[in-house]
Amino acid sequence: MTAPELIKEKAQLVDSYIKSFVINYEASEMGLKGLYESMKYSLFNGGKRFRPVLSILTAELLDYPAEKILPYASAVEFIHTYSLIHDDLPCMDDDDERRGQPTNHIKFNEWTALLAGDALLTESFYLINSNYLDQPELALRAGLELSRSAGPRGMVGGQAIDLASQDEVKIDEDLLTHIHNLKTGALIRASVVGSAYLAQASAEEIALLKNFGEKLGLAFQVADDILDHGEDESASYTQLLGLDGAKSFLEKLSKDCEDSLKTFGDRAKDLKLIVDYNLNRDK
Ligand code: GRG
């Protein structure tokens with residue numbers, strides 16, 4: 001199976017699960033109806049589902065069934081979706097388009113977009129807390145990993161440092177890596193590690209997967225910078241290292257990812273496909 005086929009197959013599982021979950025979003029009250037429409041709009045407008053697919057592949061590597069990890073995988077996607085809605089708001093990036101379509105606040109309005117993001121964030125923990133009551137300790141560990149990765153110690157922190165440093169300091173490679181490890185890398189790492197906890201991974205497996213998730217998270221951002229080369233004015237790896245330098249860095253990170261998977265042998269073949277997909281991705 002090729003990487004795009006694999007991603008498509010697993011992304012369909014995520015889509016079906018999220019669809020079955022948002023069926024609960026039936027509301028007749030006007031304000032609530034708008035809020036739910038806005039949440040659904042951003043959940044279903046063409047995301048690649050990279051993070052939840054990673055959660056599924058991690059679970060499968062550990063012989064934990066895909067269906068059982070779907071609530072956690074979807075929780076990660078809910079957080080990712082919220083972050084994009086808020087990132088597009090006028091007070092942040094002020095973008096009118098995402099994935100070739102109007103951003104949430106353009107399609108609805110600013111307060112609806114703000115609340116849709118808040119609601120997606122809180123729903124992510126509702127998804128975890130309501131679906132893993134049969135393994136409470138592991139659910140707590142997964143929730144801890146996810147909340148750490150999404151909040152001030154992770155994505156929100158990275159976004160804050162990024163915004164605060166834009167006009168003040170010249171961003172060097174160390175600061176750029178720090179920002180991206182938090183802003184992009186942490187959630188990708190949590191999509192792997194939280195899933196590994198729920199799948200009852202051993203301490204040794206968790207350590208290897210932490211390293212894998214961290215390297216893949218940064219590799220995802222470097223690949224993004226390479227794709228955006230020439231389009232974006234903000235600090236990036238291509239700006240700091242040049243296009244060829246960024247490509248070599250991406251190759252090095254991809255090799256590190258594969259090294260952390262070595263112990264798993266052939267069981268990690270699907271995760272290796274994802275590393276390869278990211279190395280060559282065109283969107
Ligand atoms: C607003 C708290 C808060 C955080 C925003 C994620 C983020 C932090 C900002 C988005 C801007 C950006 C380019 C971040 C880098 C991470 C990244 C490449 C996001 C896009 O992820 P994809 O490619 O998106 O997985 P799709 O559209 O496929 O879901």
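**Burial, fold and charge in a predicted chain**

Cys 257 has a relative accessible area of 0% and is buried. The model is a predicted one.

Trainee: Is Cys 91 buried or exposed?
Mentor: A residue counts as exposed when its relative accessible area is over 50%. For Cys 91 the value is 62%, so this residue is classed as exposed.

Trainee: How many disulfides does the structure hold?
Mentor: A disulfide requires a pair of cysteine sulfur atoms within 2.5 Å. By that criterion, the number of disulfides in the structure is zero.

Trainee: What radius of gyration does the chain have?
Mentor: The C-alpha trace spans about 55 × 50 × 35 Å along its principal axes. For 283 residues, a compact globule would have a radius of gyration near 19 Å.

Trainee: What share of the contacts with a separation of 6 or more joins residues 24 or more positions apart?
Mentor: A contact here means heavy atoms within 4.5 Å. Among contacts in the chain with a separation of 6 or more, the share from residues 24 or more positions apart is 74%.

Trainee: In what order do the elements of the chain run?
Mentor: The chain contains 12 helices and two strands. Read from the N terminus, the order is α-α-α-α-β-β-α-α-α-α-α-α-α-α.

Trainee: How far apart are the mean positions of the positive and negative charges?
Mentor: The chain carries 29 positive and 47 negative charges.

Key
Residues numbered from 1 in each chain as written. Predicted model: local features only at pLDDT ≥ 70, side-chain atom pairs only at ≥ 80, totals over all residues. Heavy atoms only, no water. Helix = DSSP H or I, 4+ residues; strand = E, 2+ residues; numbered from the N terminus. Rg over C-alpha atoms; globule rule 2.2 N^0.38 Å. Lys, Arg positive; Asp, Glu negative; His and termini not counted. Charge placed at Lys NZ, Arg CZ, Asp CG, Glu CD. Buried < 20%, exposed > 50% of the residue type's maximum accessible area, 1.4 Å probe, protein only.
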